[in-house]
Amino acid sequence: MKLTLDALNVLDAIDQRGSFAAAAEALFRVPSAISYTVQKLEQDLGTSIFDRSGHRAILTPAGNKLLEEGRRLLSAAHTLENQVKRIATGWEADLRIAVDTVVPAENLLPLMTDFYRVHRPDDQDCPTAQSKGTQLQLQREVLGGTWDALVSGRADLVIATGDAPAGAGYSHLSLGEFTMVFAVPPGHPLASAEEPIPSSDILNYRAVAIADSSRHLPPRSSGLLTGQEVLTVPDMASKLAAQIQGLGVGYLPLHWAQAAIDAGELCIKAVETASTRAPLQAAWRSDNQGRALHWFLEQLRQADIQEGLLNCR
C-alpha cells in the first residue's frame with residue numbers, strides 16, 4: 001500500500017506547524033526524515049504534493065485533496081484505536097438504550113448529559129481527531145417492541161412495561177409503577193355514561209392504539225376489545241392528541257394525560273375490569289458487564305431518577 005497513516009501524520013504536521021522543520025520537531029524526528037517521507041510519498045503516488053518553487057513549501061491541489069481526505073482517515077483510525085482501548089478497559093464502543101413510549105424520551109437526556117460530562121475521554125494524542133468515548137443511541141419502542149429490541153440484540157438496555165418474554169439470561173430492575181386512566185373528551189358520548197362503564201358500551205366506539213414495534217416477538221396490544229374499531233398511531237404523543245380530538249377513546253398513562261385533564265380537554269371515566277397500575281422496569285442481558293451499562297443502572301436505582309422518568313412537561 002502506497003499510503004500509510006504515518007505519511008498522513010507527517011503531512012498533517014507540516015500543514016499544522018507551517019514548515020518541515022517545525023513538523024520534525026513536533027514529531028520528534030530529524031528534518032531529513034520528514035523530507036524523505038514526503039519525497040517517497042510523491043514518488044509512490046506519481047504526483048507532487050508540495051510546490052517548492054517559493055520560499056516555503058505549499059500544498060498543491062493534489063496535496064490539499066490528499067490531506068483533506070487523509071485527515072478523515074486519521075480521525076477514523078484514532079477513533080478505532082480509542083474504542084479498542086476503551087473496550088479493553090471495560091467500556092463499550094456503543095450503548096443502545098430502548099425506551100417504551102410511556103416514558104418521554106427527553107427525560108433520558110439529562111442522564112446522557114451527565115454521562116458525557118463525566119466520561120468524555122481527553123484527547124491529547126491527535127490534534128486532527130476528536131476523541132470519542134462510548135457512543136449512546138436512544139431508540140423509541142412500543143409495548144413488546146421494547147422487549148424485542150433486547151432479545152434480538154438491537155438494544156443493550158431497555159426501559160419497558162409489561163411482562164418480560166419467557167427465557168433466562170436477563171436481569172431486571174424495578175423502576176416503580178405508573179397509573180393508567182381511561183380518558184375521553186368532554187363531548188364524547190361516554191363522557192356522560194354511568195360508571196363503571198361496561199366493556200359492551202366501550203366496544204361501540206373507536207379506540208386509539210399505538211402500533212407494537214416488535215420485529216420478531218408476537219405483537220402485543222393493550223386495552224383493546226375484540227371486534228372494536230381501532231385507529232392506530234405511532235407514539236404516545238399522537239395517541240394523546242387523537243383522543244383529545246375525539247378520534248377515539250382508550251387508556252393513557254396519567255402522567256401523559258394530566259395536563260389535558262387539568263385543561264378540561266379530557267375526562268377520566270371508571271370502567272369495569274380495568275387495571276389502573278402498570279409496572280415499569282429496566283432490563284439487560286445478565287452477561288453484559290459493560291461499564292457504561294453499569295453507570296446507567298446505578299443512576300436508574302436512584303429514587304429521584306425513577307420519579308423523573310415519568311414527568312411530562
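I take the axes here as lines fitted to C-alpha atoms, for helices over the stretch in contact, with angles running from 0 to 180 degrees between N-to-C directions. The model I am reading is a predicted one.

**Helix pair.** I looked up how helix 8 (residues 236–244) packs with helix 9 (residues 254–262), and found an angle of about 30 degrees, with the axes 11 Å apart. I note the crossing of helix 8 past helix 9 as right-handed. On the side of helix 8, I list Met 236, Ala 237, Leu 240 and Ile 244 as making the contact, and on the side of helix 9, Trp 256, Ala 257 and Ala 260. Sorting the residues of this contact by class, I get seven nonpolar, no polar and no charged.

**Backbone.** I keep in mind that most residues other than glycine have a negative phi, and that most peptide bonds are trans. Against that, I looked at Leu 143, a residue other than glycine, and found its phi positive, near 50 degrees. I place Leu 143 in the loop between strand 4 (135–141) and helix 6 (144–151), and I record Leu 143 as partly exposed, with a relative accessible area of 21%. I then checked the bond joining Glu 195 and Pro 196, which is a cis peptide bond with omega about -5 degrees; Pro 196 sits in the loop between strand 6 (170–184) and helix 7 (199–202).

**Gln 43.** I found Gln 43 in helix 3 (residues 31–45), and exposed, with a relative accessible area of 63%. From Gln 43 to Ser 174 I read 131 residues in sequence and 65 Å in space, C-alpha to C-alpha.

Key
Residues are numbered from 1 along each chain as its sequence is written. This is a predicted model: local features need pLDDT of at least 70, side-chain atom pairs count only at pLDDT 80 or more; totals for chains, interfaces and linings use all residues. Side-chain values use heavy atoms; hydrogens and water are left out. Helices (H or I, at least four residues) and strands (E, at least two) are DSSP runs, numbered from the N terminus. A crossing is left-handed if the near helix is turned anticlockwise from the far one by less than a right angle, and right-handed if clockwise. Contact means heavy atoms within 4.5 Å. Ala, Val, Leu, Ile, Met, Phe, Trp, Tyr, Cys and Pro count as nonpolar, Asp, Glu, Lys and Arg as charged, and the others, Gly among them, as polar. Buried means under 20% relative accessible area, exposed over 50%, partly exposed in between (1.4 Å probe, protein chains only).
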